[in-house]
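Let's take a walk through a protein structure together. Keep the sequence and the 3D view open, and look for each part as it comes up.

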Amino acid sequence: MDAPPLSAPLNIGFDYTRSLGPVLSRFMTGLRERRVLGSRTADGRVHVPPLEYDPVTHAPVTELVGVRPTGTVRSWTWTDRPLDGQPLDRPFGWALILLDGADTALLHAVDAGARDRMHTGLRVRIRWAAQRSGHIRDIECFEPDSGEPFPQAEPDSAEPVTVMTTPIRLSYTHTTSADESRYLRALAEGRLLGQRCPVCHKVYVPPRVCPADGVPTQEEVTVHDHGTVTTFCVVNVPFAGQRLEPPYVVAQILLDGADIPIPHLIVGLPADQVRMGMRVAAVWRDPQSWTTTPENIAHFRPTGEPDSPYESYREHL
Amino acid sequence: MRAAVLGTGQTHHRTRRTDVSMAGLCREAIDRALEDAGVEWPQIDAVVLGKAPDLFEGVMMPELFLAQALGAAGRPLLRVHTAGSVGGATANVATTLVKAGVHRRVLAVAFEKQSESNAMWALSIQPPFTAPIGAGAGGYFAPHIRAYIRRSHAPGHIGALVAVKDRRNGALNPYAHLRQPDITLESVRSSAMLWDPVRYDETCPSSDGACAVVIGDQAAAEASERPVAWIRATAMRTEPTFFAGKDHVNPRAGAEAARALWQAAGITDPLEEVDVAEIYVPFSWFEPMWLENLGFAEPGQGWKLVESGETRIGGRLPVNPSGGVLCSNPIGASGMLRFAEAAMQVMGRAGEHQVTGARTALGHAYGGGSQFFSMWVVSSS
């Protein structure tokens with residue numbers, strides 16, 4: 001029986017920049033000034049957050065009106081375990097809140113302290129963030145309405161907000177297939193594993209369900225760590241998240257005994273001397289450092305053998 | 001059931017359209033398409049939305065929050081996703097809904113707002129257990145361009161010739177992102193090498209933009225007061241990104257889609273019978289590669305049409321008179337722009353980049369690792 005498939009965390013993130021357009025720009029700018037604006041559509045309804053287009057007439061919405069920072073809970077639920085990025089880091093209520101003067105409810109967090117303090121019909125008020133920048137997070141959350149007067153809205157003379165930064169973070173557990181796990185475990189032993197498709201008899205590295213025939217792996221074969229460069233690219237361009245310093249050569253390498261090339265780095269000669277057909281060999285890192293990763297091979301180096309003739313790899317381009 | 005393009009619309013494509021939201025970007029194209037078609041909102045029966053990977057804007061399923069701005073409330077809304085070919089696939093799905101007799105008039109819209117993130121980053125995410133060698137779309141396609149050059153023995157300046165042609169064409173297109181009337185072969189060939197053999201000036205820009213088309217059935221087309229573009233045929237094909245023996249230079253799925261397209265349109269000699277082609281060329285060398293894949297030239301011969309100037313406006317087969325993807329690349333919309341520009345040509349509404357007497361035109365798109373292909377042929381009658 002196989003060992004369980006290998007898995008590892010995959011975390012990606014980007015601070016996305018949202019262009020707001022004329023309506024949402026006014027809405028976010030209003031939040032910075034502690035004002036909530038809704039949009040009035042042709043049927044007279046006031047929508048919060050504002051709609052950009054009238055859902056009935058399809059016309060752009062141009063009329064924005066102020067609503068009160070107080071409202072009524074129309075429906076709610078409770079979360080005992082808030083997640084990263086949610087408005088509060090302690091248990092809170094998620095509520096649909098109808099602000100006074102609005103006709104549609106806004107989903108937000110209510111810092112009620114305990115579940116039994118939440119109920120439909122609860123009167124709530126906005127708790128403004130101390131530092132406001134023209135962002136939906138300027139509303140920190142809602143809280144049960146104390147009836148105390150609000151600080152005055154503060155019209156400011158700063159530039160209207162046109163772009164809102166929205167950090168997005170995604171956390172996955174990336175799990176490999178059984179085939180790929182065997183490939184990676186073989187790499188940890190310094191071997192390159194492939195599979196021969198029982199239908200087309202092509203050797204795939206790494207092994208996988210044959211994409212041409214759709215049949216699973218039956219016969220696994222070890223392939224050589226020498227091969228031929230079929231084609232390549234010299235990367236000169238820097239980009240966000242890049243882990244190597246340009247220029248570097250990424251080549252498609254047809255390992256001896258394989259029928260599909262693998263991509264890897266070519267090091268050991270100037271980039272402008274890398275050639276199609278060049279013979280190369282894997283340069284393995286110190287065996288002490290080997291784990292289940294293709295990075296056990298630091299790169300490929302030229303072997304100095306004569307180049308392979310074009311005809312020998314032309315079917316692999 | 002016959003179907004026709006009643007009208008098209010597109011945005012002014014720019015690096016950063018920070019003046020509009022995603023909804024506003026789409027509506028800029030939609031409102032122009034409805035006006036061009038002479039169609040009012042109540043006449044639209046369904047909406048089809050296309051865009052490329054959600055990671056580009058960081059919004060999962062943008063069709064959810066866009067539904068209302070796209071006019072989809074009370075109507076069917078479909079989302080299509082086939083990577084870079086999605087704009088073409090979206091137009092084809094809308095065409096199918098009309099040809100099948102399901103709807104009379106369908107609005108198809110596609111967009112990308114690249115300025116919300118960074119496509120190079122989004123296309124180079126490194127999963128665990130892989131080596132850090134991805135380098136965006138350019139890093140992916142450059143080796144296959146090298147293979148084309150080796151296989152066809154094309155002279156080294158062919159890519160630059162395409163870039164000069166497309167950028168000058170773009171200068172005739174008021175919506176194009178890059179408009180460079182003064183670009184020269186020398187300036188392209190001295191621009192920075194990004195992904196050898198692809199130079200900076202041979203690469204598409206990153207754009208914010210959208211495109212929309214209104215597709216109608218025969219009755220809708222005959223009711224139109226303006227010329228329409230009859231959709232003679234559509235085709236789509238797919239193949240795996242990688243398989244042993246995959247031809248990255250001349251992919252089988254593209255060739256088979258083209259054969260099916262010409263057959264369905266009753267076209268036996270595409271070079272003779274097609275007057276203008278809008279082909280998805282994000283890197284200049286893909287013009288000769290796709291000319292071969294599409295059957296306009298024999299394998300290895302496509303670069304000769306480029307070298308002899310036959311793909312310029314006024315040549316035997318003008319390719320990308322709009323300036324193409326090399327001038328504007330709102331990824332999700334780029335395919336639909338090809339389809340819409342083909343329609344504009346046969347409707348006689350292409351303005352300064354109109355090809356005189358164009359009656360039959362190709363719109364083409366591809367996506368993924370040369371994996372998804374979509375295309376259509378439109379005619380003035």
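**A walk through two chains**

Let's start in a loop: A:Pro49 sits between strand E3 (46-47) and strand E4 (64-67) of chain A. Keep in mind that you're looking at a predicted model. What kind of peptide bond joins A:Val48 and A:Pro49? It's a cis bond, with omega at about -5 degrees. There's another cis bond in chain A, running from A:Val205 to A:Pro206, and here omega is near -10 degrees. A:Pro206 is also in a loop, this time between strand E12 (203-204) and strand E13 (219-223) of chain A. These spots deserve a look because most peptide bonds are trans.

While we're on backbone angles, hop over to chain B. B:Met61 isn't a glycine, yet its phi is positive, at about 50 degrees. You'll find B:Met61 in the loop between E2 and helix H2 (62-66) of chain B. B:Phe129 is another residue other than glycine with a positive phi, near 70 degrees. Its place is the loop between H4 and H5 of chain B. In general, most residues other than glycine have a negative phi.

Now for the surroundings of those two residues. Is B:Met61 buried or exposed? B:Met61 has 10 other C-beta atoms within 10 Å, so it counts as exposed, given that the cut-off for exposed is 12 or fewer. B:Phe129 has 23 other C-beta atoms within 10 Å, so it counts as buried, since buried takes 20 or more.

A:Ala298 has 16 C-beta neighbours inside 10 Å, so it counts as partly exposed. Follow the chain from A:Ala298 to A:Val283 and you'll cover 15 residues in sequence, but in space their C-alpha atoms are 5.8 Å apart. Leaving out residues up to four places away in sequence, A:Ala298 touches A:Val283 and A:Arg285.

Next, a strand that's well wrapped up. How many residues of strand E2 (residues 46-50) of chain B are buried? The count is 5 of its 5 residues. On one side you have B:Ala46, B:Val48 and B:Gly50, on the other B:Val47 and B:Leu49, and they're all buried, so both faces of E2(B) are covered.

More generally, in soluble globular proteins, nonpolar side chains tend to be buried together.

As for records, an unreviewed UniProt entry lists residues 247-371 of chain B as "domain: Thiolase C-terminal". Over that stretch the chain is 42% helix and 9% strand, and the end C-alpha atoms are 11 Å apart.

Finally, see how the chains meet. The contact takes 51 residues from chain B and 54 residues from chain A. H5(B) gives the most to the side of chain B that touches chain A, with 10 residues. By class, that side has 26 nonpolar, 17 polar and 8 charged residues. Strands meet across the two chains as well: 2 bridges join strand E14 (residues 226-235) of chain A to E5(B), and the two run antiparallel. There, A:Val234 stands opposite B:Asp196 in E5(B).

Terms used. Residues numbered from 1 in each chain as written. Chains lettered and ligands numbered in written order. Predicted model: local features only at pLDDT ≥ 70, side-chain atom pairs only at ≥ 80, totals over all residues. Contact = placed C-beta atoms within 7 Å. Helix = DSSP H or I, 4+ residues; strand = E, 2+ residues; numbered from the N terminus. Nonpolar A, V, L, I, M, F, W, Y, C, P; charged D, E, K, R; others polar. Pairing = 2+ DSSP bridges. UniProt positions renumbered as here; feature names shortened; annotations may be inferred.
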